[in-house]
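Student: I'd like a close look at one part of this protein, the sheet and the helices packed around it. Could you walk me through it in one go?

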Amino acid sequence: MEQNVKKAPGPSKGLLQSEDLYEYILETSVYPREPEFLKKLRHVTASHPRAMMATSPDAGQLMALLLKLVNAKKTIEVGVFTGYSLLLTALTIPEDGKIIAIDVNQESFEIGLPIIKKAGVADKIDFIESEALPVLDQLLQNHENEGSFDFAFVDADKVNYWNYHERLMKLLKVGGIAVYDNTLWGGTVAMPDASVPEFMKPGKQFTIELNKLLAADPRVQISHASLGDGITICRRLY
């Protein structure tokens, strides 16, 4: 088992009712397969005051599998934080693969950048410090980008998730995959409002609306998985 790793304050990223069961999954199936550079980045991020924003390692493990299943080479990441999911993607895609990574805060990305460089995959990443919508719109101005991306991961401002989805449905190829993080919003989507902390209520409502829209979107095949804080996997059908 992992020892001497400072745990982030607050509840775990998992929504399983048993913390022991979640630890069992991590210790048995996730941590033993986690690449060393990802492990280092996870440990560095654990001491960050907003460590809970990081992608959970079990969700990351599934993402790596999805990337391989679609032979992803060209990807988009909206929301980077310290770069755990970004490094995971860069380690998984081929040597000539490319990632467009968008985040409003380059400072957080630079926490993980030294580890990304040591892993030898920094050249695969085009980091853009910006709001995401203008960048996605700019990509769509070049018609060659339409249907050219294999995979997208979104872990950013919840109010814009559907706006991102609409653009990604044009940028992703048919058969491409978009993964949306935090789609259970700490379990609050199934809680009465009286039980939800005030600071989580806006995100709860945005998430509920997103989940309804994704479930009704005929353009995608979906799977809503209770990994981490909930991830919704969308495969573009047409």
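Tutor: Here is a walk from the sheet out to the helix pairs. Keep in mind that this is a predicted model.

Seven strands form an open sheet, and their order is 3-2-1-4-5-7-6, with mixed pairing. Strand 3 and strand 6 (220-225) are the edges, each pairing on one side only. From one strand to the next, the twist averages 15°.

Strand 1 (residues 74-78) pairs with strand 2 in the parallel sense, over five bridges. If you want a landmark there, Ile76 stands opposite Ile100 in strand 2. On to the next pairing: strand 2 (residues 98-103) and strand 3 (residues 125-129) are parallel too, again over five bridges. Here the landmark is Ala101, whose bridge partner in strand 3 is Phe127. As a general point, side chains in a regular strand alternate between the two faces of the sheet. How do you get from strand 2 to strand 3? Through helix 5 (residues 106-118), and the three elements together make a right-handed β-α-β unit.

Helix 6 (residues 132-141) packs against it, touching strand 1, strand 2, strand 3 and strand 4 (149-154). The direction of helix 6 makes about 145° with that of strand 2.

Helix 6 also has a helical partner, helix 7. Their axes come within 10 Å and cross at roughly 20°, so helix 6 and helix 7 count as roughly parallel to each other. The crossing is left-handed. On the helix 6 side you'll find Ala132, Leu133, Leu136, Asp137, Leu139 and Leu140, and these meet Asn163, Tyr164, Arg167, Lys170 and Leu171 in helix 7. By class, that contact has seven nonpolar, one polar and three charged residues.

Arg167 sits in helix 7 (residues 161-171). Setting aside neighbours within four places in sequence, Arg167 is in contact with Leu133, Leu136, Asp137 and Leu140. Take Leu140 from that list: Leu140 and Arg167 are 27 residues apart along the chain, while their C-alpha atoms are separated by 7.9 Å.

Two other helix pairs are worth a look. In one, helix 2 (residues 36-46) packs with helix 4 (residues 84-92) at an angle of about 175°, their axes 10 Å apart. That angle is why helix 2 is called roughly antiparallel to helix 4. Helix 2 brings Phe37, Leu38, Leu41 and Arg42 to the contact, and helix 4 brings Tyr84, Leu87, Leu88 and Leu91. Sorted by class, the residues of this contact of helix 2 with helix 4 are seven nonpolar, no polar and one charged.

In the other pair, the axes of helix 1 (residues 19-30) and helix 3 (residues 57-69) come within 10 Å and cross at roughly 40°. Because of that angle, helix 1 is oblique to helix 3. This crossing is left-handed. The residues in touch are Tyr22, Leu26, Ser29 and Val30 from helix 1, with Pro57, Asp58 and Gln61 from helix 3. The contact of helix 1 with helix 3 divides into four nonpolar residues, two polar and one charged.

Definitions and conventions:
Residues numbered from 1 in each chain as written. Predicted model: local features only at pLDDT ≥ 70, side-chain atom pairs only at ≥ 80, totals over all residues. Heavy atoms only, no water. Pairing = 2+ DSSP bridges. Helix = DSSP H or I, 4+ residues; strand = E, 2+ residues; numbered from the N terminus. Right-handed = clockwise from strand over helix to strand, strands pointing away. Axes fitted to C-alpha atoms, helices over the stretch in contact; angles between N-to-C directions. Parallel < 35°, antiparallel > 145°, perpendicular 65-115°, else oblique. Left-handed = near helix turned anticlockwise from the far one by under 90°. Contact = heavy atoms within 4.5 Å. Nonpolar A, V, L, I, M, F, W, Y, C, P; charged D, E, K, R; others polar.
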